[in-house]
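User: I have this one open on my screen and want to go through some of its contacts. Can we take it piece by piece?

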Amino acid sequence: MKHITYLAIFLFSLTSCEDNKGNKKNDDNTPTATVYYNGDIIDMVGDLPIYQEALVEKNGTILFIGNREEAMKIAGEGHKMNDLKGKTMLPGFIDAHAHFFAFGPQATGTNLLPPPDGGVKNIDELVNELKIWSENPDNLEITGWIFGLGFDQTQLAEKRFPTKEDLDKVSTEYPVLIMHISAHFVVMNSKGLELVGITKETPNPDGGIIRRMPNSNEPNGVLEELAALPYIAQALAASDPERLAKQTKMGVEMAKSYGYTTLQDGKTMETFNALTSFAEQGLFDIDIVSYLDYTVAKYMDTEWNSKEYKDHYRVAGLKVTLDGAPQVQTAWKTEPYLVPPSGGKADYKGYPAIADEQEVADLYKMVYKNNWQINSHANGDAAIDQLIRGLKAAEKEYGKKDLRNVLLHGQYVRPDQLDALKELNVIVSLFPMHTYYWGDWHVEIVGEEAAKKISPTRTALDKGLMLTIHTDAPVALPNLMRVVWIAASRTSRSGMVMGANERLTPYEALKCITDWSAYSHFEDDKKGTLEVGKLADLVVLSDNPLKVEIDAIKDIVVLQTIKEGTIVFERE
């Protein structure tokens, strides 16, 4: 039997080999084709699902899709057969908004997420998870900080933020930083505050708040928005270039396990230099597209600002953050929250990230002048009003343009604002994961009627806007099947239906993470659907999201991720 096996391997080696990219080649060094068949191959073209019998990949692109018999002819001699065994094939997944550079810390740090993505249900468990993580000396060497991501005060039994006093129980020797699930807040222990120089004399920065101990100016360890942002990379990103590369690679591997073939870094700052270096070193085997924070717009004037990838990396445009997050009540609204945050007044409405209206208008004018795309983070309707004012000012000066600008998140976007955004050619990238993760919390802070209107995906589609959905990872795990499930079910943790009239069909939700996301990146000519001439960016799933019950979608896993014809992830 062994002799037969060895003979088969030998004969196969005579007819095909692999180049250094993993592409199959004949003995005359010409690429061979691969035929995928015997599964649910959904091409994602059009408004209704279309199943194809076979797909032919050759040299990284789709050579044919359609009838199996025709596929065999077109594949030619020496082609490879890939039996899908009844599994489902889709275009590779494209998250319309995530923070790739934080995937490494998410993959290497302490998981502080509540169930079902983690196990932290109270502050004692949070402290214990950090202690366990810190007992591994290799972990402590990553950044010199004890760090964790994903705590959610709305899901902790105590219903409050941890403080420096809680984190001092983890360590008084090492600095500790934990990042909130929103990525808009952090908490430090006393050593951490000392290390970054935050004391009772430190004033609140513009667009941020240093929370204080009761009846005192002494920091309690909780830092909001722009009071937190400067310290996140310091604590979460590896300090040594070699360790940072390893950490980043772990983030790439995590992404591929969820089916990503194109990944977004949605707020690239000085990390741009590390990303370009890693690209040149060949660290990436899936595409990474960056949106630079507007404060580092200088990097738009580099070779990386291009419609084409270089070593799987490119810069696509800018990102601006106009307010905070509703789950921590820093989203800027026109109406007060029903329940203000700790220390907030009864008329508290959140606050802008950029209070200067002229600065916002000038930013959008700069974008229009340079024909740059911009993604705008705005959750509260007051922030979305500011976005609309800024875009109108730019359009008045430079005229209408198809820049495919994007509203990110839009939790409290109003119907009249959707009309205005359509007129301004803005893509809306909504965040329906809120309906599950924080739906019950939204009911508390804005009321049931308003809460059921968050992330109005159906309304946006019906009004004719281009729509995408996203994970905003590491806000949650970058599990796009969970996003599809939530967009189609819109149920909260408690089981409350959060606006049945805003549900998407599973097919529409899949369009949001394939075809329509490709469009939002100006890549719909190469990605997003399975069509001849497009890249063979593919994902194979354990089940068909269009055939299982809605609640079963969340349990679907990725079996293979294929980038330009090469398998870059395979589940054992």
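User: Start with helices α12 and α13. Which residues meet there?
Analyst: From α12, D381, I384, D385, L387 and I388 make the contact. They meet Q417, A420 and L421 of α13. Keep in mind that this is a predicted model.

User: How does that contact of α12 with α13 split by class?
Analyst: Five residues are nonpolar, one is polar and two are charged.

User: And how do the axes of α12 and α13 cross?
Analyst: At roughly 25 degrees, and the axes come within 11 Å. Here α12 covers residues 381-398 and α13 covers 415-423. Angles under 35 degrees count as roughly parallel, so α12 and α13 are roughly parallel to each other.

User: Is the crossing of α12 and α13 left-handed or right-handed?
Analyst: The crossing is left-handed.

User: Which strands does β17 pair with in the parallel sense?
Analyst: One is β16, residues 287-293, over six bridges. Another is β18, residues 373-378, over five bridges.

User: Which residues are bridge partners there?
Analyst: Y291 has G317 in β17 as its bridge partner. K319 is partnered with N375 in β18.

User: What about T261, buried or exposed?
Analyst: Its relative accessibility is 1%, so T261 counts as buried. T261 sits in strand β15, residues 260-268.

User: What is T261 in contact with, leaving aside neighbours within four places in sequence?
Analyst: G92, F93, I286 and D287 are among them. The list also includes D537 and L538, along with T561, I562 and K563.

User: Now the open sheet of six strands. What is its order?
Analyst: The order runs β9-β10-β11-β12-β14-β13, and the pairing is mixed. The edge strands are β9 (110-111) and β13 (208-212), each pairing on one side only.

User: In what sense does β9 pair with β10?
Analyst: In the parallel sense, over two bridges, with β10 spanning residues 146-151. T110 stands opposite G148 in β10.

User: Which strands of the sheet does helix α8 touch?
Analyst: α8, residues 229-236, packs on the sheet and touches β10, β11 (176-180), β12 (185-188) and β14 (219-225). The direction of α8 makes about 120 degrees with that of β11.

Conventions
Residues are numbered from 1 along each chain as its sequence is written. This is a predicted model: local features need pLDDT of at least 70, side-chain atom pairs count only at pLDDT 80 or more; totals for chains, interfaces and linings use all residues. Side-chain values use heavy atoms; hydrogens and water are left out. Two strands pair if DSSP finds at least two bridges between them. Helices (H or I, at least four residues) and strands (E, at least two) are DSSP runs, numbered from the N terminus. Contact means heavy atoms within 4.5 Å. Axes are lines fitted to C-alpha atoms, for helices over the stretch in contact, and angles run from 0 to 180 degrees between N-to-C directions. Angles under 35 degrees count as roughly parallel, over 145 as roughly antiparallel, 65 to 115 as roughly perpendicular and the rest as oblique. A crossing is left-handed if the near helix is turned anticlockwise from the far one by less than a right angle, and right-handed if clockwise. Ala, Val, Leu, Ile, Met, Phe, Trp, Tyr, Cys and Pro count as nonpolar, Asp, Glu, Lys and Arg as charged, and the others, Gly among them, as polar. Buried means under 20% relative accessible area, exposed over 50%, partly exposed in between (1.4 Å probe, protein chains only).
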